Amino acid sequence: MNVSEAVARRISVRAFLPDPVPRALIAEVLEKAARAPSGGNLQPWLVTVLEGQSMARFRETMRARLAQGGPDPLEYPIYPEKLHEPYRTRRHRVGEQMYSLLGIPREDRAARLRRLEANYDFFGAPAGLFVHVDRRMGAAQWADLGMFLQTVMLLFVEAGYDTCAQEAWAWHHRTVDAFVGADPATMLFCGMAIGKRDPDAPVNRLRAERAPLEEFARFL
Ligand SMILES: Cc1cc2nc3c(=O)[nH]c(=O)nc-3n(C[C@H](O)[C@H](O)[C@H](O)COP(=O)(O)O)c2cc1C
């Protein structure tokens, strides 16, 4: 597989088969992904992996937490307040396309909420990870996290696995932080579900659109 193929094959998978992801493979992918570039070579990514027993325990913890009520206050804004164009429409479209594949109508808020909560089961994935960053780091280092995460996702594709990056965990950072024993000097950025895609799940047929080249690039 070449890089273009891996980039094209990577999608956000939101329904997984239960087949486990070998711990050694996860370690290998993370080690390789650490070749991702970062400004000043700070390598600001801090990763916690859940699989096997730890994932089973975490699932229990999360189930209990969800039964107790609403989310935690966010520690960082996932989107700008009052998302403006063209971003608002892009976000809206991908959401509508996903709910349409799932057969969930706009009015069915309960079904949409249940779907959102699938995030907190890692969409059924057998493995997952969390990425934290030192609170003193700024926008530039958060961008470095993105480079690392995409490298991780492409390497999983190369190894025959799928992923979904999940900012949704920011709404439950207290539970995550307590469970993983996060250093209070660090902040949770996101999680990532890891496993094999369920080929029969309609939600995995989603191919999120992209803006055409002219909309985001200029050649001078
Ligand atoms: C940092 C990051 C966080 C994300 N968080 C979530 C999430 O919490 N839940 C979810 O279903 N998708 C999440 N996504 C997936 C995006 O919705 C997805 O990347 C986008 O719609 C493009 O689709 P694609 O990844 O299939 O190409 C996240 C993606 C990124 C990069």
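Since the model is predicted, local features need pLDDT of at least 70 and side-chain atom pairs count only at pLDDT 80 or more, while totals for chains, interfaces and linings use all residues. Residues are numbered from 1 along each chain as its sequence is written, and side-chain values use heavy atoms, with hydrogens and water left out.

One word on the labels too: helices (H or I, at least four residues) and strands (E, at least two) are DSSP runs, numbered from the N terminus.

Let's start with the sheet. Four strands make an open sheet, in the order β1-β2-β4-β3, and the pairing is antiparallel. For pairing, DSSP has to find at least two bridges between two strands. At the edges you have β1 and β3 (162-166), each with a single partner strand, so one side of each has no neighbour in the sheet. On average, neighbouring strands are turned by 20° against each other, direction ignored.

Now look at β2, residues 127-134. On one flank, β1 (residues 46-51) is joined to β2 by 6 bridges, antiparallel, and Thr-48 sits opposite Phe-130. β2 also pairs with β4 (residues 186-195), again in the antiparallel sense, over 8 bridges.

Buried here means under 20% relative accessible area, exposed means over 50%, and partly exposed is in between, with a 1.4 Å probe and protein chains only. And that holds for both faces: Ala-127, Leu-129, Val-131 and Val-133 point one way, Gly-128, Phe-130, His-132 and Asp-134 point the other way, and all are buried.

What covers the sheet? Helix α7 (residues 173-180) lies across β1, β2 and β4, running at about 95° to β2. Angles run from 0 to 180 degrees between N-to-C directions, and axes are lines fitted to C-alpha atoms, for helices over the stretch in contact. Within α7, have a look at His-173, which is buried at a relative accessible area of 6%. Leaving aside residues up to four places away in sequence, His-173 touches Asp-72, Pro-73, Glu-75 and Leu-188. Contact, by the way, means heavy atoms within 4.5 Å.

On the α3 side the contact uses Ser-54, Arg-57, Phe-58, Thr-61, Met-62 and Arg-65, and on the α7 side Thr-175, Val-176 and Phe-179. By class that's 4 nonpolar, 3 polar and 2 charged residues. The classes are: Ala, Val, Leu, Ile, Met, Phe, Trp, Tyr, Cys and Pro nonpolar, Asp, Glu, Lys and Arg charged, and the others, Gly among them, polar.

The next helix pair is α2 (residues 23-33) with α6 (residues 139-158), packed at about 135° with axes 9 Å apart. α2 and α6 are therefore oblique to each other; under 35 degrees would be roughly parallel, over 145 roughly antiparallel, 65 to 115 roughly perpendicular, and the rest is oblique. This crossing is right-handed as well. Leu-25, Ile-26, Val-29, Leu-30, Lys-32 and Ala-33 of α2 meet Phe-148, Thr-151, Val-152, Leu-155, Phe-156 and Glu-158 of α6. The class count is 9 nonpolar, 1 polar and 2 charged residues.

Where is the cis peptide bond? Between Glu-85 and Pro-86, with omega about 5°. Pro-86 is in the loop between α3 (52-68) and α4 (87-102), and Lys-82 sits in the loop between α3 and α4 too. Lys-82 has a positive phi, near 50°, despite not being glycine. Phe-123 also has a positive phi, near 55°, in the loop between α5 (109-117) and β2. Buried or exposed? Lys-82 is exposed at 74% relative accessible area, whereas Phe-123 is buried at 8%.

Definitions and conventions
A crossing is left-handed if the near helix is turned anticlockwise from the far one by less than a right angle, and right-handed if clockwise.
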